[in-house]
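Please have a look at what is on the screen before I start.

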Amino acid sequence: MDRRLDSQEYFSLIRRLGNPLINQFTRVDSQEWDSQIGIGFHYPDVNLPKPPAFQYIDVNLDDEGLIRLSGERYLALNLAEMRTIKDLTKDPIFIQQRIEAGLEERLTDLELEVLAQTWSEHCVHKKFNGKWIYVSDDTDDESGLPNVTDSVFKSIIKPATYAIIADRNIDWLISVFEDNSGVFKINERINGSHKVETHNHPSSLDGFGGANTGVGGVIRDNDSTGIFMDIVSSQWWSIFVNPTSYRDLSLDIQSPLRTLETVVGGVEDYGNKMGIPTMSVNVMFDDSYLKCAVGVGAVAVAPAEINGRKTHLKDIKPGYVAYTLGGKVGKDGIHGATGSSMDLSSDAETSSQVNQSVQIGNPIIEKNVFETQRILAYKGIIAASQDCGAGGWSSALGELAKLLDDFESKRYGIQQRYKYCGIDEQSLVEDRLAGLEGVLELNSVGSPFVEQLKYEIASGEIFNLETNGRGGAEVDLTYVIEKYLGLTSWEKIVSEAQEREVVVVKKERSAELEEICKHNNVEAVKIAEFNNSGMLKVIDQNMTVGLLPVQFLHRGLPQMIIYAHHRPCNYREPEITEKLDLTNTFLELIGRANTQLFDWILTRFDHEVQGGSVVKPLVGKGMGKSDAISYHPVLTEKEVLIESLGNNLLQGDIDAYHMGRNNVVDSIGRIISAGGNLEKICFNGNTLCPKPETDPSVAAKVIRMLKGSADAEIYFGTPRISGKDSTSMERSYISTETSREVRVKARPAIVMSGLGVVEDDSTATTADFKIPGDAVYVIGETRDELGASEFYQMKGFIGRNVPKSDFDEINPRYNKLPNAIKSGLVHSCQYVGRAGLALALANCSIAGDMGLDVNLDNIDNNLGRADKILFSETTGRFVVSVLQSRTREFEEKMQGIYCRQIGHVSSEHGFNVNYQGREVVRTTVPELRAKNKGEIRL
Amino acid sequence: MKPKVCVLRTDGTNCDRETKYAFNEVGGDAEIVHLNSIIKGYDPAENRQVSLDQFDILAIPGGFSYGDYIGSGKIFVVDLKHFLEDKINDFIDKRKPVIGICNGFQVLVKYGLLPRVNGEIKQTTTLTYNDSGRFECRWVKLVQPRESKCIWTKGISSIDLPVAHGEGKFVAPPDLIQRLFDEDQVVFQYANSSGIATTNYPDNPNGSIQAIAGICDPTGLIFGLMPHPERYNRPMNHRLATLQKIKGTLPDHGLGLDIFRNGVDYCRG
């Protein structure tokens with residue numbers, strides 16, 4: 001090119017090469033270019049001015065001033081919260097304590113930042129714990145929601161799980177909603193844990209960094225459940241906008257295609273380098289997700305006990321010390337926790353404060369930390385662990401101090417009761433427990449907190465503890481290892497720099513810990529000592545830089561009120577002319593963004609590492625997609641875990657309550673299709689929505705989908721053990737066409753990640769057709785339920801007839817099909833989901849590399865149209881193939897279930913679907929495969 | 001007596017546990033040993049002396065040693081040469097078997113222990129970026145061109161295994177490649193479904209010259225391969241296991257274990 005690049009060209013070029021937010025670009029004139037030197041050597045030198053260790057901030061301001069302060073410092077605190085902080089500084093006892101510690105009455109910057117992190121939406125879920133007022137215009141509202149719900153978390157999500165535990169006498173859940181991930185028993189010897197997080201905000205700014213550290217973070221969550229866990233699976237799902245949409249995005253932000261590509265790269269890098277298989281992968285598209293959704297999950301295992309000590313319990317007592325293991329602290333990820341609930345506004349990309357909320361990952365360091373933590377745990381050195389995620393040490397140590405405070409308060413209460421009742425070390429354990437009514441909730445299920453205290457009571461430890469009922473910690477930042485000089489104390493304590501784990505140990509084991517860490521190339525620094533002061537005190541360079549009461553830090557915040565108003569949608573069913581030949585429609589439908597195979601992504605993730613994989617993401621000779629994957633989490637044990645997902649985003653436009661129900665039904669169905677059963681399934685729920693507090697219709701969808709998912713969980717006895725809510729899914733940008741600001745709010749979604757435990761791999765089943773001549777069955781009635789279907793969407797409609805899962809009909813199928821599979825009668829099994837029977841049949845053929853001849857007459861059910869039969873998305877259905885000579889046996893097993901034979905697997909590649917005496921689809925397996933490769937490729 | 005296997009681990013190693021499991025399943029007594037334990041002769045966690053001499057087999061497992069940031073296996077090789085050269089020479093001189101899988105293969109090649117055609121320990125070949133430019137995780141079919149001299153693959157003329165790597169393309173000058181074939185040092189080649197060695201993607205997942213997937217040294221004791229035999233440790237690991245089950249061809253054990261069994265059996269004599 002012999003002219004200068006104009007700025008438009010320059011920007012589109014650099015945007016294709018990298019992300020202007022995080023990469024640096026240099027423009028060199030071709031005349032001046034020296035090929036010997038190239039662009040020269042740019043060493044990433046961080047030169048920070050030497051800052052004061054801390055500053056005092058005046059919070060004695062009027063309301064306007066408080067709000068301004070919150071905004072200027074990116075605290076993301078509202079007026080009520082700022083006022084609460086202001087009030088604290090007037091508390092005479094608190095002032096006295098400050099003076100004694102050498103601090104002024106005014107708060108330090110560190111204290112303010114610690115409060116903002118601790119109270120961030122990310123950490124305390126103010127919205128889910130708010131008071132939800134629900135008004136419905138639907139006279140026949142199916143959701144059964146009351147007018148007032150005091151915390152959707154405490155009134156919908158949690159009670160569902162406890163109801164299931166009680167109704168079904170579940171004894172395999174040992175930790176729910178309390179620790180960093182939910183814990184269940186895989187068998188008597190091995191525990192499993194599961195947690196799915198989201199990392200939307202950073203991924204929207206920088207796909208690689210965001211997704212990379214998202215994976216790193218969620219595996220740390222699992223790792224720091226109890227004292228440690230081994231990560232056996234990494235999961236990823238995302239919702240992106242279609243790369244062909246949004247032609248008017250400004251040039252300096254990450255393009256949607258680049259977002260997709262770099263998120264894949266980030267997930268690949270972390271999982272592969274950590275040696276964790278990434279098997280469960282779901283890539284979804286919806287044009288309301290300009291702020292992309294990046295869901296990252298992990299499953300982990302640990303021995304139930306090590307030397308008689310239960311690994312899922314955390315113990316912490318005054319005198320114990322905390323070490324931080326792993327990464328160095330730096331400026332990356334400051335304000336991640338608060339930033340994630342702030343607007344991703346059109347100028348977010350230029351704000352250096354928000355830029356910092358993307359962290360920099362290093363999986364090799366994390367791998368070292370985990371390996372070392374494992375060694376320490378097996379040696380009985382670790383008493384408790386906590387990861388440094390959102391809010392960094394501020395949250396990790398704050399939460400540990402809070403845990404200690406809670407423990408001490410109970411220990412004190414127990415001791416007082418024992419004194420009063422005259423119970424002592426000589427008393428029987430039963431008597432010790434019996435005397436605790438009103439002090440300790442002895443019947444709590446899935447509470448490691450209560451279990452730890454019970455252990456102390458049973459072992460007699462409780463009688464020898466000295467406690468004043470309070471817990472606190474003294475944090476010393478002096479010796480922490482920094483990436484570079486120039487960090488202030490507050491930056492150090494809230495930084496979300498990656499790969500850091502905090503472990504709590506008894507003081508006398510410090511030397512051992514230090515030696516083992518050093519031997520394993522892990523940097524370990526003592527960072528805190530626990531005490532019974534009731535205060536969180538922070539020291540840096542021999543100066544006190546912060547002092548906050550632990551109870552204030554974690555006190556109840558003013559409750560948010562969220563108004564939800566449900567108006568039934570007014571969509572109608574579209575009138576679509578019936579085509580006699582559906583071949584082209586069929587082929588178009590299976591190659592859409594939401595139906596395509598994405599084998600190019602799946603093969604980039606190491607899904608075989610750790611050597612336990614059974615049902616892979618790509619199955620059969622023809623490599624079709626598997627909707628569920630399975631693996632042996634522990635090689636020396638028989639058990640198999642199955643992972644699947646349920647998410648029908650668009651259905652929420654018609655009825656969010658049914659979407660919630662359907663997501664659970666789908667996820668369970670997929671687990672069954674891979675050889676699972678209803679015995680032991682648990683869920684993680686991830687809510688995604690724009691700010692519900694600003695839009696009653698959004699709030700209505702959110703509460704309705706939560707209720708729907710909980711209703712389904714209760715019905716099928718599949719409890720939720722953990723979850724996460726992302727309630728700021730909106731993004732603004734300045735349109736390059738209109739120069740106006742456009743605000744894009746995401747459709748509310750509840751992504752249900754199911755996890756099934758099966759006793760061995762003998763029932764493993766895949767979707768691929770296997771033997772020519774096998775009978776092809778459809779299980780489950782197909783109804784006129786195309787509302788929000790892929791077919792309607794392709795035709796530009798939403799429709800009205802959203803699938804409504806009929807639990808009473810589906811439940812017997814979910815019970816009988818596993819038996820048929822167990823008897824070895826089922827050669828292939830595919831759950832019918834997105835794009836209905838069309839994609840289900842196509843995938844079985846693609847995976848098996850075998851065609852089929854089927855006739856839809858048998859499953860017409862008065863639908864009267866081939867397109868409706870093929871494209872309906874009625875839930876709870878399966879396509880299975882059965883050896884022709886054993887069809888009678890199969891039908892007997894499935895007695896009482898809607899189960900219709902529609903044709904045969906073919907020995908050729910022809911794929912033929914007939915209806916009412918004519919051919920409606922006529923194509924071949926290679927053609928199907930080519931189309932299913934899809935429109936989005938890199 | 002169970003042969004003692006050292007599964008050597010350093011920063012970024014990640015296939016150590018399944019490699020240990022595979023050896024133990026076939027009668028080995030494997031343990032995971034940190035590089036620092038060998039260097040210092042002491043393991044503080046176990047509180048005991050450690051030496052390479054104690055072991056009969058050395059296994060360098062897969063992973064991303066030190067992140068592979070400046071080339072796969074490179075820093076691990078520098079560590080081994082700098083700290084343990086004498087000990088490794090001694091181990092090899094005693095004719096003890098060595099296996100390097102994936103990252104371990106990259107280490108053996110870059111150290112120069114493979115293919116070592118002239119007896120000199122010097123890097124003569126390399127494993128570089130896959131032709132696809134991407135990390136590739138998929139199952140491949142492997143065949144032995146002729147019964148090679150490798151002690152690890154006796155009786156295994158063909159096997160299906162998964163690969164998972166970004167840098168697995170075997171590259172060497174033509175005359176050296178010829179020599180490897182002539183000397184029966186080519187142990188495995190990537191093959192198509194008919195069992196014919198191929199350079200076509202994806203049957204050959206990385207574009208290796210002459211479809212080379214694994215080689216051994218002239219003694220047949222040192223073996224390196226890109227695919228992961230430890231990941232085929234039970235019958236249901238195979239990507240077509242559900243089909244094999246129906247057809248009655250599901251083996252009674254994970255066939256990848258046969259490689260480890262050969263190594264263990266060799267030590268038992």
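Predicted model: local features only at pLDDT ≥ 70, side-chain atom pairs only at ≥ 80, totals over all residues.

A:F716 and A:F807 are both buried, where buried means under 20% relative accessible area, exposed over 50% and partly exposed in between, with a 1.4 Å probe and protein chains only. Side-chain values use heavy atoms, with hydrogens and water left out, residues are numbered from 1 along each chain as its sequence is written, and chains are lettered from A and ligands numbered from 1 in the order in which they are written.

Rings of Phe, Tyr and Trp (its six-membered ring) pair if their centres lie within 6.5 Å, and planes under 30 degrees apart count as stacked, over 60 as edge-to-face and the rest as tilted. By this rule there are 27 aromatic pairs over all chains. One of them is stacked, namely A:F407 with A:F449, at 4.8 Å centre to centre and 20° between the planes. A:F407 is buried, with a relative accessible area of 1%, and A:F449 is buried at 16%. A:F716 and A:F807, in turn, form an edge-to-face pair, with 5.3 Å centre to centre and 70° between the planes. Ring pairs also join A:F716 and A:F807 with A:Y715, A:Y814, A:Y831 and A:F878 into a cluster.

Finally, the charged end of A:R27 sits over the ring of A:Y10, 4.4 Å from its centre, the rule being that NZ of Lys or CZ of Arg is within 6 Å of the ring centre and within 35 degrees of the ring normal.
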